[in-house]
Amino acid sequence: MVRGHYLQLCELVKDWPCLIKGNIRTEVLSISENSKVVGEQIIFCAKQGQQYNGMQFVSEAISNGAVCIVVDNEQFYESFQLEIPIVWVPNLRRFIAYAAAALNQFPTEAIQVVAVTGTNGKTSTTSFVYQLLSHLQKKVVLVGTNGLFYNGAPLNTKYSNLTTISAIEFQSLAKEAVKNQYDAVIIEASSQGLAEHRLDYSTIDIGVFLNLSEDHIEWHGSKEKYKNAKLRLADLSKVLIVNNDDSFCKAVGLMTKKEVTTFSKQPTAQLFYEKLNLENSNTYCLQYKEEKAVCTFPFAPYFLIENAVAAIAICIKCGYSLQELSSIVPLLTLPEGRVETFKDEKGTTIIVDYAHTANALQALLSSLNMDREFLKIVFSCGGNRDQMKRKKMGEIASAYCGEIYLTTDNCRSENPIRINEQIAEGFCEDQKYEIILDRKTAIQKAILDSSQTHSVVIAGKGHETTQTIGNEVIPYSDIEVVKEIISTKAKNEKSL
């Protein structure tokens, strides 16, 4: 629910094609998609969701004090006679975005907004931007997969657990940021969030395109629809930053008439970066226009370097020089669940990472530069999602890992054994693997059967703190499981 300033219903819908039955002078203050979270001066939007139809909850919303109902089902509008006004609009999701912005007096016009899209790397890139700007004494809000952060501190909020929060939540957050005199809001823009118009009617100052790979296509229905969802960010943004090493992103930059900044390993880009030939070093030379700087990154994997360079490009567009930024790059830290590394008392390296797409898994495993016989992996794929990627992820895991432990990863209503069988279709003939459906047991076995020469990758869940099996959401964390196993092993060793 969003609390804004009072508008009469006729003022709110005056620029919308709509039909209205009831008092158009009704005063409204807020908008809600939840029939339980309504009340005085609140509009209830009866949206069709993936699981529920909001029109089923109209009576509940009215009993909870809703002063107006908005629908996009014309038949429902025609058949219902209510004591309160009912409004029909042609696209309810877009109307929700508009109303949320209008009732908050379009707050994104008063604060800098950076939105980052890409199949992989959104969380790392936005985290790096947030850190760089914070080191430069800017007051910044970060919102995305890992949660909500205000000026260095995570906040426990009631915001939905989505990569891109709802339009209602985003406009409310932006208003709070303006009220508290923050300088910028950094947000992850998922393809689903863009397709569902969650960022519509927002003023996005900088839109960033990292990459595009074949993931989430099943949700969108086709690769073309997936691309079009991503392209919405180009329409919404004033200026663009694009990764010229990705063909889709490069095409976005070439197609648009807006101002574009490119970054790439190729010197034709405006921000060019090249690794220096120094032993055991993550040092790169960066050049933006005529300015050059040497940057030492505090991490090695190339995909993280690419994300950090994207963050540097964003900060350059925010008005900072390459020299200023290069001096604070060594202070960057990785977000939780991104290549988060542990060692047990035997010296086994354990890496927890969110990699849940084929491209992300390839980037992670290839960055480790390990002999196949010494690398193990624990992973699976999510249920009711992207079946096309399962065999491909199996091929990638098998190419890099001598031993594979297939388990569960939010299997939802799908049979986890069937999910793992589809993954195993990509394995090479001599692949050593086990299916252990209890994820904690799988991780424990992988670690206990390893020596100091091994590395164990635990992929797919990263920072997540729940596991969805059937309709049940169970508290669960890969990070906490690893810590517990290491601690128990250390105690057992001491007691021997």
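This is a predicted model: local features need pLDDT of at least 70, side-chain atom pairs count only at pLDDT 80 or more; totals for chains, interfaces and linings use all residues.

Q: Why is G383 called buried?
A: The cut-off for buried is under 20% relative accessible area. G383 comes in at 0%, so buried it is.

Q: Where does G383 sit, and which residues does G383 contact beyond its neighbours within four places in sequence?
A: You'll find G383 in the loop between β20 (375-379) and α14 (388-400). Leaving those neighbours aside, G383 is in contact with R390, D409, N410, C411, R412, E414 and I419. There's also P416, 33 residues apart from G383 along the chain, with 7.4 Å between the two C-alpha atoms.

Q: Why is the pair E60 and K36 called a salt bridge?
A: The nitrogen has to be within 4 Å of the carboxyl oxygen. For E60 and K36 the closest N and O atoms are 3.3 Å apart, so the pair qualifies. E60 lies in helix α2 (residues 58-63) and K36 in the loop between β3 (27-32) and β4 (42-45), so parts 24 residues apart in sequence get tied together.

Q: How do you know whether K36 and E60 are buried, partly exposed or exposed?
A: Exposed takes over 50%, and partly exposed runs from there down to the buried cut-off of 20%. K36 has 58%, so K36 is exposed. E60 has 25%, so E60 is partly exposed.

Q: What makes R418 and E425 a salt bridge?
A: Their N to O distance is 3.9 Å, and the limit is within 4 Å, so R418 and E425 count. R418, at 38%, is partly exposed, and E425 is partly exposed too, at 48%.

Q: And what about E434 and K445: why is that pair a salt bridge?
A: The closest N and O atoms are 3.1 Å apart, which is within 4 Å, so E434 and K445 pass. E434 lies in strand β22 (residues 432-435) and K445 in helix α16 (residues 439-448), so this pair ties together parts 11 residues apart in sequence.

Q: How many salt bridges are there in the whole structure?
A: A search finds 19.

Definitions and conventions. Residues are numbered from 1 along each chain as its sequence is written. Side-chain values use heavy atoms; hydrogens and water are left out. Helices (H or I, at least four residues) and strands (E, at least two) are DSSP runs, numbered from the N terminus. Buried means under 20% relative accessible area, exposed over 50%, partly exposed in between (1.4 Å probe, protein chains only). Contact means heavy atoms within 4.5 Å. A salt bridge is a side-chain nitrogen of Lys or Arg within 4 Å of a carboxyl oxygen of Asp or Glu.
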